[in-house]
Amino acid sequence: MPDMPDPATPRPAPSLTTRERAALKARAHALEPVVRVGHAGVTDAMVAEIDRALEAHELIKVKIGEGDRDTRRDHAETMAARTGAAVVQSVGRVLVLWRPRPQ
């Protein structure tokens, strides 16, 4: 089993072109959220769960249940930075994250 990355260490997010982002949005349309952010906000355990989901699926949806628009945006930026994922789309309380699988 590979060592779990330090959840507090930011990783560089992959950059996406407009065409890549559109293709990922289309793929994500049919997905259901696999991780939900609750009252506690972005915790180390939740970041580890997002990391595992990205390893398994590459493209995931996250549902942010609490907070106003600014809080949700902050949560999205934090999750993306701590997992090394790119924010594909953020609509309302649903966030789409993508990180390519390691070869």
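Me: How many of the six residues of β2 are buried?
Reply: In this predicted model, strand β2 spans residues 59-64. The strand is mostly covered. The number of its six residues that are buried is five.

Me: In which sense do β1 and β2 pair, and over how many bridges?
Reply: One of the pairings is that of Pro33, whose bridge partner in β2 is Lys61. Taken as a whole, β1 and β2 run in the parallel sense, and the number of bridges is four.

Me: What is the order of the strands in the open sheet?
Reply: The edge strands are β1 (33-37) and β3 (86-91), each of which pairs on one side only. Neighbouring strands are turned against each other by 25° on average, direction ignored. The pairing in the sheet is mixed, and the order of its four strands is β1-β2-β4-β3.

Me: Which strands does helix α2 touch where it packs on the sheet?
Reply: Helix α2 covers residues 44-57, and its direction makes about 170° with that of β1. The strands touched by the helix are β1, β2 and β4 (94-98).

Me: What pattern of helices and strands does the protein follow along the sequence?
Reply: The protein has three helices and four strands. Read along the sequence, these elements give the pattern α-β-α-β-α-β-β.

Me: Which element gives the largest share of the largest nonpolar core?
Reply: This core has 17 residues, and those with the most contacts inside it are Met46, Ile50, Ile60, Val62, Met79 and Leu97. Two or more residues each come from β1, α2, β2, α3 (69-83) and β4. The largest share is five residues, and the element that gives them is α2.

Me: Which residues does Met79 touch, not counting residues up to four places away in sequence?
Reply: Met79 is among the residues with the most contacts inside the largest nonpolar core. In general, nonpolar side chains in soluble globular proteins tend to be buried together. With residues up to four places away in sequence not counted, the residues that Met79 touches are Val37, Val42, Met46, Ile50, Val62, Ile64, Leu95 and Leu97.

Me: At roughly what angle do the axes of α2 and α3 cross?
Reply: The contact is made by Asp44, Met46, Val47, Ile50, Asp51 and Leu54 of α2 with Met79, Arg82 and Thr83 of α3. These residues divide into five nonpolar, one polar and three charged. The crossing of α2 past α3 is right-handed. The axes come within 10 Å, and the crossing angle is roughly 65°.

Me: Why does Leu16 count as buried?
Reply: Leu16 is found in the segment before α1 (18-28). Leaving aside neighbours within four places in sequence, Leu16 is in contact with Arg21, Leu24, Ala86, Val88 and Trp98. A residue counts as buried when its relative accessible area is under 20%. Leu16 is therefore buried, since its relative accessible area is 15%.

Me: What separates the C-alpha atoms of Leu16 and Trp98?
Reply: Leu16 and Trp98 are in contact. Along the chain they are 82 residues apart. The separation of their C-alpha atoms is 9.7 Å.

Me: Is Glu58 buried or exposed?
Reply: Glu58 lies in the loop between α2 and β2. Not counting residues up to four places away in sequence, Glu58 touches Arg27, Ala53, Leu97, Trp98, Arg99, Pro100 and Arg101. Its relative accessible area is 17%, so Glu58 is buried.

Me: What is the phi of Glu58?
Reply: Most residues other than glycine have a negative phi. Glu58 is a residue other than glycine with a positive value, and its phi is near 75°.

Me: Of the contacts between residues at least 6 apart in sequence, what percentage join residues at least 24 apart?
Reply: The protein has 103 residues, of which 35% count as buried. Among contacts between residues at least 6 apart in sequence, the share joining residues at least 24 apart is 74%.

Key. Residues numbered from 1 in each chain as written. Predicted model: local features only at pLDDT ≥ 70, side-chain atom pairs only at ≥ 80, totals over all residues. Heavy atoms only, no water. Pairing = 2+ DSSP bridges. Axes fitted to C-alpha atoms, helices over the stretch in contact; angles between N-to-C directions. Contact = heavy atoms within 4.5 Å. Core = buried A, V, L, I, M, F, W, Y, C linked by side-chain atoms within 4.5 Å. Buried < 20%, exposed > 50% of the residue type's maximum accessible area, 1.4 Å probe, protein only. Left-handed = near helix turned anticlockwise from the far one by under 90°. Nonpolar A, V, L, I, M, F, W, Y, C, P; charged D, E, K, R; others polar.
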